[in-house]
4 protein chains.
Amino acid sequence: MTGRRVCVVVSARPSYSRVKTALLAMQSHPTLDLQVVVTASALLERYGGIARMLEEDGLRIAARAATVLEGHDPTTMATSTGLALLKLVTIFENLRPDVVVTIADRYETLATATAAAYMNIPLAHLQGGEVTGSVDEKVRHAVTKLADLHLVSTARAAQRVIAMGEDPKSVFVTGCPSIDLAVEVANPSRAGDLTEQRRGTDRRLDLPADYVVVLQHPVTTECEQARAQMLETLHALRDCGVPAVIFHPNDDAGSEGTTRAIEEFRTSRNGDRLLYLDSLGPTDFLRLIHGSSCLVGNSSVGIREGSYLGVPVVNVGTRQKNRERAANVIDVAHDRASIAEALRRQLANGPYESDTLYGSGRAGERIASILTEVPLHIEKYFSG
Amino acid sequence: MTGRRVCVVVSARPSYSRVKTALLAMQSHPTLDLQVVVTASALLERYGGIARMLEEDGLRIAARAATVLEGHDPTTMATSTGLALLKLVTIFENLRPDVVVTIADRYETLATATAAAYMNIPLAHLQGGEVTGSVDEKVRHAVTKLADLHLVSTARAAQRVIAMGEDPKSVFVTGCPSIDLAVEVANPSRAGDLTEQRRGTDRRLDLPADYVVVLQHPVTTECEQARAQMLETLHALRDCGVPAVIFHPNDDAGSEGTTRAIEEFRTSRNGDRLLYLDSLGPTDFLRLIHGSSCLVGNSSVGIREGSYLGVPVVNVGTRQKNRERAANVIDVAHDRASIAEALRRQLANGPYESDTLYGSGRAGERIASILTEVPLHIEKYFSG
Amino acid sequence: MTGRRVCVVVSARPSYSRVKTALLAMQSHPTLDLQVVVTASALLERYGGIARMLEEDGLRIAARAATVLEGHDPTTMATSTGLALLKLVTIFENLRPDVVVTIADRYETLATATAAAYMNIPLAHLQGGEVTGSVDEKVRHAVTKLADLHLVSTARAAQRVIAMGEDPKSVFVTGCPSIDLAVEVANPSRAGDLTEQRRGTDRRLDLPADYVVVLQHPVTTECEQARAQMLETLHALRDCGVPAVIFHPNDDAGSEGTTRAIEEFRTSRNGDRLLYLDSLGPTDFLRLIHGSSCLVGNSSVGIREGSYLGVPVVNVGTRQKNRERAANVIDVAHDRASIAEALRRQLANGPYESDTLYGSGRAGERIASILTEVPLHIEKYFSG
Amino acid sequence: MTGRRVCVVVSARPSYSRVKTALLAMQSHPTLDLQVVVTASALLERYGGIARMLEEDGLRIAARAATVLEGHDPTTMATSTGLALLKLVTIFENLRPDVVVTIADRYETLATATAAAYMNIPLAHLQGGEVTGSVDEKVRHAVTKLADLHLVSTARAAQRVIAMGEDPKSVFVTGCPSIDLAVEVANPSRAGDLTEQRRGTDRRLDLPADYVVVLQHPVTTECEQARAQMLETLHALRDCGVPAVIFHPNDDAGSEGTTRAIEEFRTSRNGDRLLYLDSLGPTDFLRLIHGSSCLVGNSSVGIREGSYLGVPVVNVGTRQKNRERAANVIDVAHDRASIAEALRRQLANGPYESDTLYGSGRAGERIASILTEVPLHIEKYFSG
């Protein structure tokens with residue numbers, strides 16, 4: 001254990017999906033000493049028990065930091081960020097990593113980046129340079145400006161990172177590790193049973209033949225509308241009469257509104273065609289998506305992994321605004337009629353061709369190699 | 001008090017100098033409700049008692065937040081950032097501002113920006129788009145990406161902000177309010193007595209006829225070299241044999257090294273030609289600079305206010321690397337011979353022509369007007 | 001507003017019930033300037049929206065501090081305590097109270113007491129000297145040792161506070177303000193309609209003729225058993241076949257276990273005889289208790305307000321161990337057979353005589369008078 | 001490393017002196033796994049670089065937590081407590097100790113106790129049951145009420161702990177480990193050279209034949225008077241004309257006043273008879289005390305270790321009020337005439353007989369044994 005100490009902060013189910021193959025590649029790398037820190041919703045059972053999943057996947061957890069406040073509103077999100085920062089400083093002070101890795105654009109990502117920047121620890125950022133809406137858009141680019149090394153998913157993301165003044169030599173297009181999992185799932189010889197791994201149960205999912213998946217998160221800058229926005233989607237589903245698997249939202253400002261809409265729908269109707277899930281493991285989650293007729297909501301999964309898997313997507317609202325996308329996505333506003341119409345079109349269309357916009361596999365290995373070999377430094381200047 | 005609530009976070013002597021005329025303009029504005037929050041080193045007497053100065057200048061303090069840890073190293077800086085974030089969230093939760101204003105690139109700036117971004121409060125950033133070295137360079141641009149409104153000092157700063165993907169309509173070139181003070185100081189009819197306002201004393205400064213001013217801060221990304229770097233500058237001064245006024249450094253990682261170098265010099269020699277100061281009020285500070293033969297060190301004051309005042313500057317090391325500058329600056333490395341040679345050249349040259357690169361006055365009024373009138377929003381997209 | 005500034009920190013539904021009449025008396029007092037700070041679960045809708053209730057009761061909120069972490073386990077409780085401490089320091093720094101009032105024994109109580117003690121603000125503690133089990137027992141007495149003024153409910157509580165070395169002159173037996181509300185509720189002329197005030201709805205409760213109320217919280221030092229303990233109680237209720245109103249637990253370590261037990265019971269049976277509530281306002285809550293046939297669980301309400309109202313109580317487990325009680329309480333272990341047997345005995349017994357052990361009304365007025373008049377100081381010595 | 005994990009939090013020079021022999025005994029114990037956490041002023045060089053000393057003494061540091069704010073006033077002390085709490089929670093979450101040990105009565109002691117209590121980790125408290133003045137008095141007893149195991153120095157301390165309602169079976173009179181060091185120092189065969197170990201220098205102290213030692217800390221509840229109080233002591237010393245070794249104060253509210261008084265005296269006189277020290281290692285510190293003619297100030301060292309060493313003490317002010325003492329102490333107020341008179345009396349008296357009030361050695365071993373063998377639990381009830 002005398003190699004470069006690489007500390008990766010995993011903070012949520014989506015970020016785990018987008019770094020899992022890189023973590024496994026790092027853990028088995030002979031001259032890299034992996035330190036996994038688990039924080040935020042990744043520690044909470046109701047967001048899928050990611051900490052437990054990590055250990056089941058054979059990864060060792062070096063430290064934990066509980067940081068999520070109850071009452072998801074703008075004040076509690078900002079408080080959680082401050083708390084995450086203080087706890088991560090304490091952890092980095094004791095783990096003394098050579099490089100810290102942060103993923104995407106959540107508040108824990110910014111807390112991780114701030115801690116590393118002030119502690120003079122080189123910072124690598126995964127998934128910079130993409131564009132969306134909401135506060136994530138601000139945070140993702142702020143993290144780019146705090147980071148020393150950029151491991152991005154697409155060529156256009158790389159261009160944007162460089163346009164923001166980053167040194168082109170610090171930018172690497174690796175593809176997204178989530179596509180590594182999608183490649184596996186798309187490969188029929190590896191298909192397996194699909195079980196709900198939530199809360200330690202192993203309930204086998206009893207899925208109908210044709211189902212859609214709903215994955216809709218609150219938009220933090222529109223958090224007051226979260227309940228109304230979710231109701232539009234749920235009404236559209238009912239109007240189309242398709243069976244649906246519905247996931248609970250992320251722990252962002254507004255998530256209580258989204259959850260309330262789901263609860264209202266769940267209790268007000270017999271709900272025979274709706275199945276509610278808290279979370280699935282990364283691979284099972286992709287299997288579920290892969291097997292679905294359409295993905296409805298505003299998760300980036302439809303745009304990223306969905307593009308490779310060719311799954312039809314109805315993307316609702318502003319959350320993924322501007323994100324680079326393949327042909328599999330139809331964009332609509334938070335309006336039940338528009339959602340229902342787009343959903344009928346996608347069901348009629350069926351699966352799309354696979355698109356390698358976000359990668360074609362082996363991103364995890366590439367990231368592990370770069371983190372092992374690239375020279376590390378903390379000084380940078382505005383370039384161009 | 002029913003106007004727009006504008007909350008300005010003042011955290012250090014330099015940031016106060018660069019916002020003072022804007023604060024006074026806002027406080028006297030009929031439809032703007034100013035909320036001044038004082039935090040970080042601005043609350044500490046040994047950094048100049050800025051809180052006290054603010055009140056002496058007629059400004060009302062709405063809230064205070066003590067955040068600076070002892071033992072200025074990377075860990076304590078990161079801790080102070082987290083602490084500032086938690087305290088500012090608590091304060092914003094209770095002041096409920098309509099817009100938050102943050103200044104320049106210190107850690108409190110990033111804490112302020114993070115709090116505002118997650119609390120869905122529109123954020124205005126002063127002095128974005130400039131370029132330097134150190135962690136400040138990372139933080140300044142990260143704050144730009146978190147901010148909704150950019151009030152920048154120069155046209156080139158505006159270009160850089162826009163290059164980073166900000167909407168040109170959100171960028172305003174106002175000049176730097178510090179130049180408003182410089183205009184006042186440069187006007188001989190307003191010149192006044194120069195007294196040290198430190199710690200409540202009113203000791204009148206007894207300055208020699210020809211003196212240089214030394215203002216050198218640690219570079220956080222080179223914090224281990226802080227003591228050695230300061231010693232080079234002090235040796236150069238001794239070699240040139242000029243009387244000097246020396247200020248204590250900012251509370252950044254490495255400041256203990258800088259201070260130790262000063263202390264060592266102070267006690268090892270009779271020190272008859274060196275005068276040590278903790279701090280002066282913004283106007284007295286500029287009067288001192290204006291009256292000096294040369295400014296030595298790495299403070300941005302030489303480059304900004306110095307350019308308007310035409311004061312010769314010897315800029316040492318990487319801290320101001322790349323910052324836009326006028327003809328009054330000679331750049332040298334941390335090497336006593338180079339410093340001494342540049343100092344002799346500047347003393348021989350004498351005062352430079354005034355340059356309006358960073359503004360020509362009235363920046364404070366312009367900022368107050370913009371903050372009163374501009375439409376506020378929190379949603380933005382990568383532009384260009 | 002030039003009177004003594006008295007800052008009361010309200011942090012949960014029970015603490016609001018036990019201070020409400022004192023707050024109203026203070027707010028209308030001519031020479032006392034009340035500052036109400038609302039924090040912890042009192043800010044969260046799912047614990048009853050106490051902040052909203054306070055405002056409906058005509059109380060003005062001076063400051064708020066969101067502090068509750070998700071995932072109620074020992075680590076998050078300790079984290080919430082630290083967060084509450086940092087936020088309360090920030091708030092006290094800006095409100096500058098002359099005396100701080102803290103209530104009972106929750107983690108926010110200890111955070112409040114610690115902040116006041118180190119900030120040299122005299123601290124008054126309500127409900128010291130009582131005895132129970134769990135971490136509350138430790139915290140209550142620790143707060144006594146940090147407090148300068150003790151406003152206790154019973155004569156025996158006063159004896160214990162003095163036994164711990166407190167100056168008898170600093171101890172006042174005021175009775176508990178919750179009994180002021182019980183006196184009102186017990187007075188039939190003031191009885192009113194009972195509506196559920198949760199989440200802004202005004203759903204009128206449709207109660208059966210004979211019902212029991214269940215109020216069972218996790219014991220933090222036994223938090224792993226919370227689910228099993230709640231299941232015993234729920235099974236006992238089913239075995240007795242009585243209709244029951246069941247409340248959700250406090251946000252303590254283990255509360256997810258308690259909630260899960262309730263959810264399991266709710267979904268596994270038709271549940272026709274169980275009504276689940278999140279919270280009620282203090283007065284409605286007492287009306288509900290007053291109208292019930294028996295109270296089952298481990299809430300102190302059965303022992304305090306219940307003693308005055310003469311409501312039969314089945315007290316389960318160690319949480320109220322050693323708390324002074326009247327004749328209305330039967331104690332049993334977490335065992336469904338014992339709980340069911342005790343419940344049948346209480347239903348057969350019917351209402352008890354009113355007992356004034358915890359007061360007989362006017363405690364709120366007494367507390368307001370003492371806080372206005374008593375000399376304040378922060379220096380104390382072990383007495384006796 | 002499979003024994004009981006005992007986590008000891010060391011936070012200041014005095015607490016290290018009072019636990020050092022216990023730490024060494026624990027580290028060499030075969031079935032105990034020692035985890036030393038270093039925090040607060042123990043991490044700062046200007047308070048003696050205790051972290052460094054610990055390592056020089058052969059102790060391994062398991063974790064560090066920087067927590068001390070600049071600007072020692074009541075607000076910053078309370079902030080440091082909250083910060084210490086959050087960092088210690090993070091550390092305990094990752095070290096998972098079986099028992100936590102906290103020492104004496106500083107703010108870090110209360111932070112440690114609070115973290116352990118809410119995290120359901122059994123807490124052992126060293127030096128409970130003693131009495132003094134200031135906020136320490138409140139905190140010491142509050143920690144007793146949070147603790148599960150009491151390892152006290154004297155029989156009367158044990159009585160007080162029991163009087164406060166603690167179970168006598170949880171109270172052990174071990175003596176104070178600081179006396180273990182005093183026994184060593186008093187033994188002439190082990191005497192050694194005295195060098196100042198501050199800041200890595202090894203400057204040999206050049207002591208006059210007869211000297212007194214001054215060790216005076218601010219009283220946090222009288223922090224505004226700190227400067228004036230220190231000046232009285234310094235004037236008394238000058239009036240008596242004795243050479244003196246003066247230490248810098250602890251980092252408590254008011255310490256800037258104490259330090260300023262020292263600085264004023266240092267610069268205003270030629271100071272030929274005063275020697276200023278930041279800190280010494282525990283053993284050298286005791287050697288210095290042992291060799292002195294008298295100890296002046298308000299440190300508990302005069303009362304504890306001083307009683308064993310028979311050193312004459314002039315104890316000034318309220319800080320040690322009520323602390324159990326031997327014949328070697330004369331108490332006086334903060335008045336230069338009284339201090340000077342008492343000092344002259346003590347110089348005339350010379351050394352006192354050794355008194356074993358606070359122990360007679362082997363306390364460290366006893367503590368290690370108890371912590372290894374005693375049954376651990378977290379549930380307790382008011383006793384008596």
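1. Let's start with the area buried between chain D and chain C in this predicted model. That area is about 4,200 Å², and carbon and sulfur atoms give 68% of it. Buried area here is the accessible area (1.4 Å probe) that two parts lose on being put together, summed over both. Tyr118(D), Lys138(D) and Phe382(D) supply 21% of what chain D buries against chain C, more than any other three residues.

2. Now look at who touches whom. On chain D, 50 residues are in contact with 50 residues of chain C, where contact means heavy atoms within 4.5 Å. Two salt bridges cross this interface; each needs a side-chain nitrogen of Lys or Arg within 4 Å of a carboxyl oxygen of Asp or Glu. Lys138(D) makes a salt bridge with Asp148(C), with the closest N and O atoms 2.8 Å apart.

3. Which elements of chain D give two or more residues to the side that touches chain C? They are helix H4 (74–95), helix H5 (107–118), helix H6 (134–146) and helix H7 (155–163). H4(D) brings the largest share, twelve residues. Helices (H or I, at least four residues) and strands (E, at least two) are DSSP runs, numbered from the N terminus.

4. Next, the aromatic rings. Rings of Phe, Tyr and Trp (its six-membered ring) pair if their centres lie within 6.5 Å; planes under 30 degrees apart count as stacked, over 60 as edge-to-face and the rest as tilted. The count is eight aromatic pairs over all chains. One of them joins Phe247(A) and Phe285(A) edge-to-face, at 5.4 Å centre to centre with 80° between the planes. Phe247(A) belongs to strand S9 (residues 244–247) and Phe285(A) to helix H11 (residues 282–290), 38 residues apart. Are these two residues buried or exposed? Both Phe247(A) and Phe285(A) are buried, that is, under 20% relative accessible area, whereas exposed means over 50% and partly exposed in between (1.4 Å probe, protein chains only).

5. Finally, find the charges over rings: NZ of Lys or CZ of Arg must be within 6 Å of the ring centre and within 35 degrees of the ring normal. Arg13(A) lies over the face of Phe285(A), 4.6 Å from the ring centre. The charged end of Lys321(B) sits over the ring of Tyr381(A), 4.1 Å from its centre.

6. A word on conventions. Residues are numbered from 1 along each chain as its sequence is written, and chains are lettered from A and ligands numbered from 1 in the order in which they are written. Local features need pLDDT of at least 70, side-chain atom pairs count only at pLDDT 80 or more, and totals for chains, interfaces and linings use all residues, while side-chain values use heavy atoms, leaving out hydrogens and water.
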